[in-house]
Amino acid sequence: MLLNHRKRLLQLWRIAAHYRVDTHLPIEETPQLEPIAKLIRMHPASYFQKPNPDGVRLALEEMGTLFLKLGQLLSTRRDLVTPEIIEQLVHLQDRVKPFSVDTVIEQIEQSTKKGGLGQTINQLFARFDGTPLAAASIAQVHTARLHDGREVVVKVVRPTIREQIIEDFELLRDLAGWASARIEAARAVHIIDIVEDYRQVLLNELDLTLEAANTTQMRNNFLGSSMMYVPEVYQASKNIMIMERIIGVPISQTQVFDALGYDRAALAAKGLTIFFTQVFRDNFFHADMHPGNVFVETLPADTPNPNPRYIALDCSIVGELSKADQMIVARLLLSVMNNNFTGLVDIIARAGWIPPNTDKYALMRDMRRTVSPMISKPINDIDFAGVLMSVLDIARRYHLDIPPQLMLLLKTLVHVEGLGRDLYPELDIWSLAKPILTGWVKQQFDPMQKIGELRKQLPELLLSLNDMPQLLDNSLQSLSNLGGHQDQQLREIQQIRSDMLKSRQQDWLAILGFVGSLFIAQMIASHVVWQVSSWLAPIFYVIAVLFVLWRLLN
């Protein structure tokens, strides 16, 4: 399998050796990685390079879009990757040159032609700006104006990138299968599942129709909201998306907020409230909330704005949780806040995250020893992201099986907390989060809410009653068929037992005939008994062979 990718593998081998990736592999923790480290050191390029403290990050950047994005994803997985490598991965940036405006225009015009419009760039836009507003590894963005005067942004996926990524994913999947078959640690973290989940996430990111649908849903969730605004999508295809251009500044530009007189404490609290609203009210949360995707609206000069809203961009990666997972998340966070580590371990055990034969008491002690000092600090000094990252480090050591959607949520929560603290360093995240979580958990057990949910489901339940006779008939028919099927299986089993018994009898008969014929032939040949002509001995040898042939043919 891997030989099919030999050219790409040789290229990756050279890059890994050039940046001395072997010096960053956690061989002490995972001795199975030693052969990989030796293989990297065997490349001639490694003899001319000294260990590089940023070797993993630089190697992933040179390996291409897929491996760079994989590094970004792994930078949130402290349950899988050592802290030393995490420190490198969190600094990964998209260092991709923009592609030519001619290619952009060609992509746009081809997209409209496939949509049945067949419009040129001048027919689509009154103005199209050739200089990109932003260029990333997946797509780049240009500004433009429609003929009705609306200012828009145009997002264009890089040409041929889909084919490159799919080809690299074939290699990545084969590598994951190879590692899973040979390395216990790779099996423990379900590396094949991680690759498949990542494949789906990245391919979704390449399809702008999915991003457009996510953006529209999130916009509808916050229509008329005083907390957040989501731009409107005007047109979308797999490779092109045209949407409303917003006026705002990235959330990282705190000096602008000070100049505008914005209340940064209120703004930080609003951001945290938006996050919990997305997770628990809407069950649809933006899962890529880095500073480039979160803006704060600004109004024209001399226009007061006492209540600025957040602006959410790039909704290509979103998360949804089941009701059970929502409850698990809320109870886990409350357990950490209440310093209840016995309850925390009990929750994750009930969720099925703990492998068999895990020492739960040792896990509980590690949780308490690691997290308690952080909880006991003054509230303003607590590093919420640090608490979560420490918990994930323990999860990695104990091979806890955390579902991907929950990891996506934890990554988003860390981003939100980081954005909030950059915006307002004294952010009291615990006191803000606790009442929201407590209120939501209580609401789930409110009898009136349960009655309301039942009332909403009542029309569907009544309609389903019409299907009850047919369902009952189908069930009875299935039971009848099942009984007949079981009788047939029983007869087949009995026939198999009879055949096995007959076969065993034939085995013994063949063995006895073979041995007996050989014995008689030997007796005749040696004249031990009976005065029988020696020429009869070969006949019994033939009979012995016939017994063997008879059994084989049977």
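A nonpolar surface patch of about 1,200 Å² is formed by Trp508, Ile511, Leu512, Phe514, Val515, Val542, Val545, Leu546, Val548, Leu549, Leu552 and Leu553. Two elements, helix H21 (468-526) and helix H22 (537-553), each give two or more residues to this patch, and H22 gives the most, with seven residues. Patches are built from residues with over 30% relative accessible area and no salt bridge, like charges being joined within 9 Å and nonpolar side chains (Val, Leu, Ile, Met, Phe, Trp, Tyr) within 5 Å. Leucine 512 has its place in helix H21 and is exposed, with a relative accessible area of 59%; in this classification, buried means under 20% relative accessible area, exposed over 50%, and partly exposed in between (1.4 Å probe, protein chains only).

The model is predicted, so that local features need pLDDT of at least 70 and side-chain atom pairs count only at pLDDT 80 or more, whereas totals for chains, interfaces and linings use all residues. Residues are numbered from 1 along each chain as its sequence is written, and side-chain values use heavy atoms, with hydrogens and water left out.

The protein chain has 22 helices and twelve strands, where helices (H or I, at least four residues) and strands (E, at least two) are DSSP runs numbered from the N terminus. Of the 554 residues in the protein chain, 43% are buried. The protein chain exposes about 30,500 Å², of which carbon and sulfur atoms supply 58%; accessible areas come from the Shrake-Rupley method with a 1.4 Å probe, and for residues only the protein chains shown count as cover. When contacts (heavy atoms within 4.5 Å) between residues at least 6 apart in sequence are considered, 68% join residues at least 24 apart.

The structure holds 20 salt bridges, a salt bridge being a side-chain nitrogen of Lys or Arg within 4 Å of a carboxyl oxygen of Asp or Glu. In one of these, arginine 369 is joined to aspartate 366, with the closest N and O atoms 2.2 Å apart. Because arginine 369 and aspartate 366 are three residues apart in helix H16 (residues 360-375), about one helical turn separates them. Arginine 369 is exposed, with a relative accessible area of 54%, whereas aspartate 366, at 10% relative accessibility, counts as buried. Elsewhere, salt bridges that share partners join Arg127, Asp129, Arg145 and Glu151 into one network. Within that group, the side chains of aspartate 129 and arginine 127 meet in a salt bridge (3.0 Å, N to O); aspartate 129 is partly exposed at 21% relative accessible area, and arginine 127 is likewise partly exposed at 24%.

A further salt bridge brings together the side chains of arginine 150 and aspartate 148 (2.7 Å, N to O). Arginine 150 is partly exposed, with a relative accessible area of 36%, while aspartate 148 counts as exposed at 51%. The charged end of arginine 150 also sits over the ring of tyrosine 234, 4.3 Å from its centre, an arrangement that requires NZ of Lys or CZ of Arg to be within 6 Å of the ring centre and within 35 degrees of the ring normal. Tyrosine 234 belongs to strand E6 (residues 233-236) and is partly exposed at 27% relative accessibility. Neighbours within four places in sequence being set aside, tyrosine 234 is in contact with Leu146, Arg150, Val152, Ile242, Met243 and Glu244. Of these residues, valine 152 is 82 residues from tyrosine 234 in sequence and 8.9 Å from it in space, C-alpha to C-alpha.

Five aromatic pairs are found in a search of the whole structure. Phenylalanine 276 and phenylalanine 280 form a stacked pair, at 6.1 Å centre to centre and 10 degrees between the planes. Rings of Phe, Tyr and Trp (its six-membered ring) pair if their centres lie within 6.5 Å, and planes under 30 degrees apart count as stacked, over 60 as edge-to-face and the rest as tilted. Both phenylalanines lie in helix H13 (residues 264-282), four residues apart, about one turn of the helix; phenylalanine 276 is buried at 4% relative accessibility, and phenylalanine 280 is buried at 8%. Phenylalanine 280 also forms a tilted pair with tryptophan 440, at 4.7 Å centre to centre and 45 degrees between the planes. This pair links distant parts of the chain, with phenylalanine 280 in helix H13 and tryptophan 440 in helix H19 (residues 429-444), 160 residues apart. Ring pairs link Phe275, Phe276, Phe280 and Trp440 into a cluster.
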